[in-house]
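Please read them alongside the sequence and the coordinates.

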Amino acid sequence: MTHAVHTAPSASASSSASASPVAPRVPGPATPYQGDIARYWDGEARPVNLRLGDVDGLYHHHYGIGAVDPAALGGPGDAERETKLVAELHRLESAQAALLLYHLGDVGPQDTLLDAGCGRGGSMVMAHQRFGCTVEGVTLSAKQADFANARARELGVQDQVRARVCNMLATPFATGSVAASWNNESSMYVDLHDLFAEHSRVLRTGGRYVTVTGCWNPRYGQPSKWVSQINAHFECNIHSRREYLRAMADNRLVPQAVIDLTPDTLPYWELRATSSLVTGIEDAFINSYKDGSFQYVLIAADRV
């Protein structure tokens, strides 16, 4: 991935201060399905995403991991219990992002990272804060990109953290220019072979790719009714874990770690199901995790 190139304005440009800036071209969706996904996320404004982000200004679009801290919730009669519950859910989702970033390995301030399916940009900000590097994000949603870029400006990191409207299967970044890249719960919207071919292209040799995703368990036999409900709810197409590993192998991505996070994410879902932020999909996640038909995994792979 390449950094944005900033050049000094020419004399003629500097003398034309009154000229209107040219708005960047926003590419249209490559397929009707991409158009549907763009509209879905442009219209998404769930309190479970926005209220959790309001806790500290890191707006995520993924779930959480780790044990719930009962002391952080207060007692049943605590007037602030709902506020504390929201803060605890946000702590768990930020812990998930921190685990993903840990598995990116050694990243330096000189490096550029790619967040494929960046949402409102919370993980990008965390990556910059952790590594001091440049982070480029891509999303099909213009509203998400605008939100992420506005937040970067508020934090004063707009020169290092940027989101753009872009198809993650055909990014504008140079071959071999990215030190590390990831998909955080966004790979279920695309064909895995196409996705990993693009990550393999932009990653430098030895670069690290990480995904955290829900996937259906091949040992169950076929996607369960719960997985079908999740697909319908999010308008996505959940893949099996076997499909992830096969598509990585076909695209020069060699797994270094495959971690089953299912037991670690259940506390998040069970807590969320007791909150005012329920969306109606909580039972499908809880039941599918418990019956073994659905798994929550982290896969870290190196580009060879």
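1. Which residue in S3 is the bridge partner of Glu136? In this predicted model, the partner is Arg162. The two strands concerned, S2 (residues 134-139) and S3, pair in the parallel sense, and five bridges join them.

2. The pairing of S2 with S3 belongs to an open sheet of seven strands, whose order is S3-S2-S1-S4-S5-S7-S6 and whose pairing is mixed. Strand S3 (161-165) and strand S6 (253-260) are the edge strands, and because each has a single partner strand, one side of each has no neighbour in the sheet. From one strand to the next, the twist averages 15 degrees.

3. Two helices that lie across strands of the sheet deserve a look. Helix H8 (residues 192-202) lies across strand S1 (112-116), strand S4 (178-184), strand S5 (203-216), S6 and strand S7 (294-303), and its direction is at about 155 degrees to S5. Helix H11 (residues 262-272), for its part, lies across S6 and S7, running at about 130 degrees to S7.

4. On the cysteines, a search of the whole structure returns zero disulfides. Cys118 is in no disulfide, its nearest cysteine sulfur being that of Cys166, 9.8 Å away, whereas a disulfide would require the two sulfur atoms to be within 2.5 Å.

5. Are these two cysteines buried or exposed? Cys118 is buried, with a relative accessible area of 7%, and Cys166, at 8% relative accessibility, also counts as buried, because the cut-off for that class is under 20%.

Methods
Residues are numbered from 1 along each chain as its sequence is written. This is a predicted model: local features need pLDDT of at least 70, side-chain atom pairs count only at pLDDT 80 or more; totals for chains, interfaces and linings use all residues. Side-chain values use heavy atoms; hydrogens and water are left out. Buried means under 20% relative accessible area, exposed over 50%, partly exposed in between (1.4 Å probe, protein chains only). Two strands pair if DSSP finds at least two bridges between them. Helices (H or I, at least four residues) and strands (E, at least two) are DSSP runs, numbered from the N terminus. Axes are lines fitted to C-alpha atoms, for helices over the stretch in contact, and angles run from 0 to 180 degrees between N-to-C directions. Contact means heavy atoms within 4.5 Å.
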